Amino acid sequence: MTESAKRICILGGGFGGLYTALRLNSLPWRTQGAVEIVLIDQRDRFLFAPLLYELVTGELATWEIAPSYSELLADTRIRFIQTTVEAVNQGEKQVQLGSGEILTYDRLVLAVGGETPMDMVPGAAAHALTFRTVEDAQRLQERLRALETTEADKIRVAIVGGGYSGVELACKVADRLGDRGRVRLVERADDILQTSAEFNRKAARDALSERGIWLDLDTTVDRIAADTLTLTYHDQSDELPVDIVLWTVGTRVVPLLNTMDLPRNERQQIQVEPTLQVTGHPDIYALGDLADCQDATGQQVPTTAQSALQQADYAGWNLWAALSDRPQLPFRYQHLGEMMALGVENATLTGLGLKLDGPLAHVARRLTYLYRMPTLDHQIRVGLNWIQQPLRDWLSV
């Protein structure tokens, strides 16, 4: 980095972090060395999280949904560092990395996402599986493969949480296991997908019913053991045998943020201005799951991948504007609808005046996500593979 260059440190390589970096890379800086963009993540691969469920059924390969940062950033000015972040010194504007390196920054972007809390129920941390990362999907696949090789008549899987992740995961697991599967979905509310449109809720209920997935509504989890799950429904508790418990409930900020002196809401999310600058800290930007954001119209921004993608576009522009003596733009969130996978080659989609379910929604969902993948090169590689796959399947018959 030259003496005059400004350094932007981006912590977290998910949708918010990676897409902010790519947006910064695309903007017209005054000179080639005007800025150094540093992206830091503890993993070596980006994860296109909405397609993680397809790994369970083998519909997609890891390389398609989790390309390496080295591949994605090969022809950019972005410097990627694979390591953890130990601490941030706000006074000195320094980031302490797990590798021992200390980076001084001019602007800092917090996009480290959240984590699944596993201390809500006794036994969850020891016996339940989360489903957020490629490693989580691989652990689930290993457990399923081991069970599939046994002589057990039934494989019993319980998914805790009737939100988007729980419903999508339940349908994929049921399709993988087929007649051997005994899948149940546990939700403490009186319905699944509380924030979703009724069209999507109905499509999801139908998909769960068609697959014989047992739905436990108004039900809480009391404890989880190695091979049992204790549930309570209307003050009546039952201990049920189970082979796998998947926990999809809740999100909390990562411990790193607890070491920083930043304004928080009651959920410990960082409060930001519509420009995505942290309130009272104009040199720090925050986006994604960890940000409590109201946009330019006062609309509360949901913590979804769709929101993070849109925020990244504004964050990149505003960082460029701040370092180029231009006005920053207040973020304006646009709800473009929602999509869910409901098993193999089945999905639901609402948005922009459309309501689709079944195979057509599955194709629309795939094409939409293909368009949103981070670089054109990766889009082309994945798109060509999807086009060729039916031919390979036909030739192998």
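Me: Which residues does Gly-17 touch, not counting residues up to four places away in sequence?
Reply: In this predicted model, Gly-17 lies in helix H1, which covers residues 15-26. Leaving aside residues up to four places away in sequence, the residues that Gly-17 touches are Ile-10, Gly-12, Leu-39 and Ala-111.

Me: Is Gly-17 buried or exposed?
Reply: A residue counts as buried when its relative accessible area is under 20%. The relative accessible area of Gly-17 is 0%. Gly-17 is therefore buried.

Me: What distance separates the C-alpha atoms of Gly-17 and Asp-41?
Reply: Gly-17 and Asp-41 are 24 residues apart along the chain.

Me: How many of the residues of strand S13 are buried?
Reply: Strand S13 spans residues 228-233 and has six residues. The strand is largely enclosed by the rest of the structure, because the number of its residues that are buried is five.

Me: In S13, which residue is the bridge partner of Val-221?
Reply: Strand S12, residues 219-224, pairs with S13 in the antiparallel sense over five bridges. The two strands form a hairpin with three residues between them. Within S13, the bridge partner of Val-221 is Leu-231.

Me: In S14, which residue is the bridge partner of Thr-232?
Reply: S13 and strand S14, residues 236-241, run antiparallel and are joined by six bridges. The partner of Thr-232 in S14 is Ser-237.

Me: Which residue in the turn between S13 and S14 has a positive phi?
Reply: S13 and S14 form a hairpin, with two residues between the strands. In that turn, a positive phi of about 50 degrees belongs to His-234.

Me: How many disulfides does the count come to?
Reply: A disulfide is a covalent bond between the sulfur atoms of two cysteines. The rule applied here asks for a pair of cysteine sulfur atoms within 2.5 Å. Cys-9 is buried at 0% relative accessibility, and Cys-171 is likewise buried, with a relative accessible area of 0%. By the rule, the number of disulfides is zero.

Me: Is Leu-384 buried, partly exposed or exposed?
Reply: Leu-384 is located in helix H11, residues 376-396. The partly exposed class lies between the buried limit of under 20% and the exposed limit of over 50%. Since its relative accessibility is 44%, Leu-384 counts as partly exposed.

Me: What is the area of the nonpolar surface patch that includes Leu-384?
Reply: Leu-384 makes this patch together with Leu-376, Ile-380 and Ile-387. The area of the nonpolar surface patch is about 410 Å².

Notes
Residues are numbered from 1 along each chain as its sequence is written. This is a predicted model: local features need pLDDT of at least 70, side-chain atom pairs count only at pLDDT 80 or more; totals for chains, interfaces and linings use all residues. Side-chain values use heavy atoms; hydrogens and water are left out. Helices (H or I, at least four residues) and strands (E, at least two) are DSSP runs, numbered from the N terminus. Buried means under 20% relative accessible area, exposed over 50%, partly exposed in between (1.4 Å probe, protein chains only). Contact means heavy atoms within 4.5 Å. Patches are made of residues with over 30% relative accessible area and no salt bridge: like charges are joined within 9 Å, nonpolar side chains (Val, Leu, Ile, Met, Phe, Trp, Tyr) within 5 Å. Accessible areas come from the Shrake-Rupley method with a 1.4 Å probe; for residues, only the protein chains shown count as cover. A salt bridge is a side-chain nitrogen of Lys or Arg within 4 Å of a carboxyl oxygen of Asp or Glu. Two strands pair if DSSP finds at least two bridges between them.
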